[in-house]
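Here is a protein to explore step by step. Keep the sequence and the 3D view open while you read.

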4 protein chains.
Amino acid sequence: MNTFGRLFRVSIFGESHNNSVGCLVDGIPAGIKLEAEDFYYDLQRRKSTGLGMTPRVENDEVIIESGTFNGYTTGAPILLRFLNQNIRSKDYSKLVDMPRPGHSDFVMNKKYKGFNDYRGGGATSGRLTLGIVAAGVIAKKILAKATFKTEITNLHGEEDKTKYENILKEAIKKGDSVGGILTITIRNIPVGLGEGYFDSLESTMSHLLFSVGGVKGVEFGTGFAGASMYGSEFNDLIIDEKGHTKTNHSGGINAGISNGNDIVVKVFVKPTSSISVPQQTYNFASKQVEELVIEGRHDTAIILRAQVVCEAMCAIALADAYLIDKALK
Amino acid sequence: MNTFGRLFRVSIFGESHNNSVGCLVDGIPAGIKLEAEDFYYDLQRRKSTGLGMTPRVENDEVIIESGTFNGYTTGAPILLRFLNQNIRSKDYSKLVDMPRPGHSDFVMNKKYKGFNDYRGGGATSGRLTLGIVAAGVIAKKILAKATFKTEITNLHGEEDKTKYENILKEAIKKGDSVGGILTITIRNIPVGLGEGYFDSLESTMSHLLFSVGGVKGVEFGTGFAGASMYGSEFNDLIIDEKGHTKTNHSGGINAGISNGNDIVVKVFVKPTSSISVPQQTYNFASKQVEELVIEGRHDTAIILRAQVVCEAMCAIALADAYLIDKALK
Amino acid sequence: MNTFGRLFRVSIFGESHNNSVGCLVDGIPAGIKLEAEDFYYDLQRRKSTGLGMTPRVENDEVIIESGTFNGYTTGAPILLRFLNQNIRSKDYSKLVDMPRPGHSDFVMNKKYKGFNDYRGGGATSGRLTLGIVAAGVIAKKILAKATFKTEITNLHGEEDKTKYENILKEAIKKGDSVGGILTITIRNIPVGLGEGYFDSLESTMSHLLFSVGGVKGVEFGTGFAGASMYGSEFNDLIIDEKGHTKTNHSGGINAGISNGNDIVVKVFVKPTSSISVPQQTYNFASKQVEELVIEGRHDTAIILRAQVVCEAMCAIALADAYLIDKALK
Amino acid sequence: MNTFGRLFRVSIFGESHNNSVGCLVDGIPAGIKLEAEDFYYDLQRRKSTGLGMTPRVENDEVIIESGTFNGYTTGAPILLRFLNQNIRSKDYSKLVDMPRPGHSDFVMNKKYKGFNDYRGGGATSGRLTLGIVAAGVIAKKILAKATFKTEITNLHGEEDKTKYENILKEAIKKGDSVGGILTITIRNIPVGLGEGYFDSLESTMSHLLFSVGGVKGVEFGTGFAGASMYGSEFNDLIIDEKGHTKTNHSGGINAGISNGNDIVVKVFVKPTSSISVPQQTYNFASKQVEELVIEGRHDTAIILRAQVVCEAMCAIALADAYLIDKALK
């Protein structure tokens with residue numbers, strides 16, 4: 001079930017402590033310029049580079065295994081791999097007995113009857129987002145004219161960006177974590193992408209966004225805040241023949257279909273589950289609730305690194321809609 | 001693209017002013033009791049029956065065309081149809097020139113090069129949700145033990161249910177419309193449904209929810225409000241061997257997989273787009289912005305009728321996840 | 001699982017003794033002229049009209065339930081229905097105890113635990129091919145320039161068409177049935193449709209052809225007869241810049257992809273399973289092998305009516321490949 | 001489009017002169033024993049090891065990149081890779097001007113506008129069947145009780161196996177190639193796998209078989225030879241309560257569904273396209289037909305190595321049907 005898309009299709013694979021992680025991308029038109037360096041910018045944005053990000057050093061050089069020739073896509077599937085570091089797996093078996101709150105430990109163990117690779121989050125590790133970001137780079141190339149802008153518009157309840165640094169410092173001091181809301185704005189998407197049922201743009205974008213670990217809310221345009229508005233306020237009035245609207249409460253999408261205005265989507269990313277603060281959890285060995293301390297250093301705010309991942313997910317959904325539109329025109 | 005699901009698959013069809021609307025449902029185990037009367041309760045919940053709902057009388061008797069025999073499912077696809085009333089189509093052609101704000105008029109016209117059936121919303125008409133509700137009834141039968149509860153927890157910004165009647169009366173008086181938030185709580189979903197990538201339960205549920213007209217936001221558990229919380233507050237502590245948690249900020253889903261707690265999803269439904277208040281829109285014939293008055297009577301708050309539709313969507317997503325889980329166990 | 005296609009998608013439904021049979025077709029470009037009369041010619045070809053065909057009178061008037069407006073496709077899914085005659089179901093329950101050789105009686109009963117609709121073949125009835133033929137009509141409209149020619153090139157081992165009448169008469173006299181081979185030739189398919197893996201044109205065409213009841217063999221070009229040839233004989237030499245070849249042993253397809261020459265596919269249709277000759281079968285009630293006499297009148301050679309059905313299947317596969325090609329170019 | 005399957009899903013990737021080839025397999029139950037050595041036997045069967053096979057030395061050691069842990073499947077997708085040898089690509093560019101008869105050169109060039117990787121067959125290289133064979137090994141593990149037997153039953157028109165050696169020697173001497181027919185017999189497939197529409201077992205098996213390069217015909221049971229039989233001869237009489245039949249003209253499948261008897265499928269594999277005999281082809285540079293000599297050593301009969309590949313394809317189709325059956329029971 002690790003595949004998404006009808007024409008432009010992305011499959012994901014890997015675990016953080018197995019050989020490699022990455023993605024297999026299919027449904028790519030031939031003749032698109034694509035080389036390893038094209039991935040650099042977005043992969044760099046995903047990297048741990050500042051306050052609130054784990055100082056873990058990751059190998060994130062992409063290897064293009066197939067599907068390009070002389071620097072151009074061939075039309076064949078592209079396999080992108082990222083080698084896992086040759087790290088010695090510490091003893092993760094403790095997590096089988098004492099699942100970390102907020103993590104996948106408990107559900108993965110139950111779902112896969114104990115056969116899941118539990119080391120470092122296994123198949124649900126954040127490291128798998130490398131493949132997402134890389135697939136997003138290809139998607140953006142298909143959507144040649146579109147531009148993407150992603151920013152954190154709310155960190156731990158605060159919307160004033162100048163206060164973010166203090167919020168992070170405070171959380172680091174506590175050994176705790178914070179969440180927030182990121183806003184993605186996508187320009188130059190033509191009118192008509194997406195479907196009424198069931199592949200509305202909101203449907204496919206949210207489908208992908210909600211598969212990013214930590215995402216627990218998605219809204220378009222004004223979103224939930226629109227609950228207080230009258231229809232006469234919420235409706236976006238059309239003001240020209242290109243369909244531009246006076247306001248953009250709908251986030252650029254009507255009836256699931258792009259209307260030519262900016263697509264605006266907001267994503268709630270929960271506070272990082274891994275924290276240094278001691279927590280209670282059930283010990284399946286001793287059969288009682290006990291205190292768990294998660295060692296190591298963690299991202300204080302995964303939302304920082306989730307930005308480019310969520311942006312990539314939007315690009316993947318839109319690239320597929322774009323190709324479908326082309327086919328049926 | 002009007003199909004959703006991997007095993008339990010729902011396809012939708014119809015327009016409000018063509019022969020019929022309905023759905024084709026595939027991937028149904030044989031031997032489930034299913035007769036026309038089984039659909040009655042949920043279809044009744046979708047009906048116009050009170051304050052804030054359009055007094056339009058609809059035929060909503062389901063016709064089971066195929067896939068059942070002697071009152072039981074046969075394993076073959078089930079086609080469910082709802083006849084459209086023999087209504088005289090009034091002149092909708094005006095909407096081609098003057099697209100209604102918030103509606104599909106503009107995008108459908110562009111997407112389908114003017115060939116779309118624009119009468120009464122055509123293929124994006126709310127009438128198509130009859131098929132969704134009906135498919136949801138079958139989904140619920142597959143999820144035999146699960147229970148669903150749906151309620152409006154915010155109407156026009158107000159959470160106090162005793163004040164809803166006044167809100168609706170006020171909006172009716174103004175000829176305006178209101179939106180709100182509905183909360184769906186699903187009990188007795190076993191641990192382990194859903195996937196890490198890309199078919200997390202949040203992904204498939206949101207995919208379907210966002211294809212319902214008017215839905216512009218979806219959050220699980222605490223949702224966006226969690227942006228202000230620390231990780232130590234947000235994490236749900238596991239307290240017993242069944243995986244029950246002390247709190248349920250995650251809405252019953254970790255890493256995309258059900259964790260055995262109540263699944264809680266909140267859906268923002270925008271104010272009805274059709275309002276009696278005059279609005280501005282672009283007139284494609286005269287090439288200038290003009291005033292548009294939408295005649296007829298409208299739902300003041302489509303959220304009222306959207307409740308059972310959104311609930312059905314959740315059931316459809318979960319039924320598919322349930323069958324996949326059964327296959328891979 | 002009753003759906004096929006990636007973009008142009010056909011779902012089938014119905015049983016011969018339930019309300020209706022038909023198909024739901026999705027992924028159709030808007031703006032294609034389509035009215036009930038467009039289906040007439042191919043449906044007529046499928047009808048019982050001559051020697052070797054059952055004299056059963058069927059209602060085969062198509063009802064377009066959705067997806068067209070003013071005589072053109074709208075881009076929305078098209079539901080096509082054929083009403084079943086109000087026939088009194090004779091007692092088919094005998095077939096549950098004594099499954100007919102060559103029929104679906106035994107496997108359907110086992111697969112669906114006895115819940116299948118066994119009347120008149122149920123969901124495996126030949127009547128379901130009405131929907132196939134109708135979907136094929138739409139497919140052919142998408143492939144506007146292509147032409148299809150289908151003929152029986154072998155009846156009961158005989159390739160001389162002038163002898164077919166005698167073969168049929170002889171079989172009718174015996175109360176027996178005959179099979180044969182039909183050859184479909186498709187012209188004007190552009191170079192480049194189909195994929196190396198896994199959707200070679202041979203793959204998708206054979207997939208659909210083998211779902212037609214009675215089809216037990218499919219070959220392209222020279223087919224099995226090529227087993228005796230050397231490579232130097234079999235290879236089709238390219239003789240011009242359009243890729244035309246001197247011979248066409250490959251049936252117009254190389255590496256799964258159309259090469260611009262005629263696509264030639266041959267289909268073996270087995271002798272009709274229903275015969276008047278008494279046969280042995282296991283009686284599940286008495287637990288012993290007994291003689292079964294199938295009453296009623298049967299098609300002596302279903303291959304006669306299978307011609308247009310198989311042709312429709314090819315058109316469906318090619319229409320999907322055509323749209324995919326358009327998307328990825 | 002390089003993915004097949006609904007639950008058990010195989011995606012293929014790679015080119016012979018790029019980094020690696022292989023497959024990504026998804027929908028695998030957790031807890032199946034799987035290590036590199038499990039692939040050895042079938043990969044060995046695919047190897048060049050005897051008369052009529054090219055003496056090319058290939059690296060065919062499988063690398064399990066993901067999806068197993070401690071020697072068992074985890075439920076996560078399994079990526080299998082085979083490194084390409086670090087071979088110096090000779091000048092293949094000649095093939096762009098002078099496409100080899102019977103090969104993909106011409107169609108790939110047209111389909112992908114010249115951007116395809118034409119070195120060594122690129123994405124249509126026989127080397128990609130390594131991934132197929134490997135995926136087949138996993139499929140066979142899912143179908144734990146089934147057994148597969150594959151043999152060549154016709155080589156260059158000859159059915160007497162003792163004469164095969166001479167046929168190969170003669171062809172080698174001529175610098176020519178031969179084709180033939182292989183027969184796969186599959187035992188212990190339970191009653192009830194497969195669907196009436198559209199996923200009959202014949203449909204899914206043929207779909208996969210026809211995506212193997214060189215396969216141009218597929219028949220089940222008696223196949224085309226049945227064209228000469230009467231229905232009273234062709235019908236397989238059921239003789240016991242398990243559904244065993246006196247004959248097996250249907251090849252173990254009725255109405256697309258396994259009937260508990262041996263599944264028998266015959267596959268025509270054309271003579272190898274690459275031959276040493278000089279051939280005519282169109283020269284796109286000089287714009288005239290010229291003589292082409294293909295250098296190097298070739299498989300005299302790819303059918304020899306196609307055996308295990310075709311067998312793997314059957315296993316893949318059946319494993320998917322098996323999981324679907326499990327889900328819907």
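By what turn and what shift along the axis can chain C be laid on chain B? The turn is 180° and the shift is 0.0 Å, with an RMSD of 0.0 Å. That is the relation of a two-fold axis. In general, two copies of a chain are related by a rotation about an axis and a shift along it.

Some ground rules come next. This is a predicted model, in which local features need pLDDT of at least 70 and side-chain atom pairs count only at pLDDT 80 or more, while totals for chains, interfaces and linings use all residues. Residues are numbered from 1 along each chain as its sequence is written, chains are lettered from A and ligands numbered from 1 in the order in which they are written, and side-chain values use heavy atoms, with hydrogens and water left out.

Start with chains C and B. Of the residues of chain C, C:Leu24 comes closest to the rotation axis, with its C-alpha at 4.0 Å. The same surface serves both copies, as 100% of the contact residues of chain C recur in chain B. Contact here means heavy atoms within 4.5 Å. Chain C gives 41 residues to the contact, and chain B gives 41 residues.

How much area do chain C and chain B bury between them? The value is about 3,200 Å², with 57% of it on carbon and sulfur atoms. Buried area is the accessible area (1.4 Å probe) that two parts lose on being put together, summed over both.

Now look at the links across this interface. There are two salt bridges between chain C and chain B. A salt bridge is a side-chain nitrogen of Lys or Arg within 4 Å of a carboxyl oxygen of Asp or Glu. C:Arg81 forms one with B:Glu65, and their closest N and O atoms are 3.1 Å apart. Chain C and chain B also have 16 residue pairs in polar contact, both residues being at pLDDT 80 or more. A polar contact is a pair of N or O atoms within 3.5 Å; within protein, one must be able to donate a hydrogen and the other to accept it, and residues adjacent in sequence count only if both atoms are side-chain atoms.

Which element of chain C gives the most to the side that touches chain B? Strand 2 does, with five residues. That side of chain C divides into 17 nonpolar, 15 polar and nine charged residues. Ala, Val, Leu, Ile, Met, Phe, Trp, Tyr, Cys and Pro count as nonpolar, Asp, Glu, Lys and Arg as charged, and the others, Gly among them, as polar.

In chain C, five strands form an open sheet in the order 1-2-3-7-4, with antiparallel pairing. Strand 1 (3-4) and strand 4 of chain C stand at the edges, each with a single partner strand, so one side of each is left without a neighbour in the sheet. Strands (E, at least two residues) and helices (H or I, at least four) are DSSP runs, numbered from the N terminus. Two strands pair if DSSP finds at least two bridges between them. Strand 2 and strand 3 of chain C run antiparallel and are joined by six bridges. C:Val10 has C:Val25 in strand 3 as its bridge partner.

Turn to chains A and B. A rotation of 180° with 0.0 Å of shift along its axis superposes chain A on chain B, with an RMSD of 0.0 Å. Their contact takes 107 residues from chain A and 107 residues from chain B. The two chains bury about 8,400 Å² between them, 64% of it on carbon and sulfur atoms. In chain A, A:Met1, A:Tyr197 and A:Phe198 lose the most area to chain B, together 11% of what that side buries.

Six salt bridges cross the interface of chain A and chain B. B:Glu195 forms a salt bridge with A:Lys111, with the closest N and O atoms 3.7 Å apart. Strands meet here too. Strand 10 (residues 215-220) of chain A and strand 10 (residues 215-220) of chain B pair in the antiparallel sense over three bridges. A:Gly217 stands opposite B:Glu219.

Finish with the backbone. A cis peptide bond joins B:Tyr197 and B:Phe198, with omega about -25°. B:Phe198 is in the loop between strand 9 (180-187) and helix 6 (201-209) of chain B.

Conventions
Least-squares fit on C-alpha atoms with pLDDT ≥ 70 in both.
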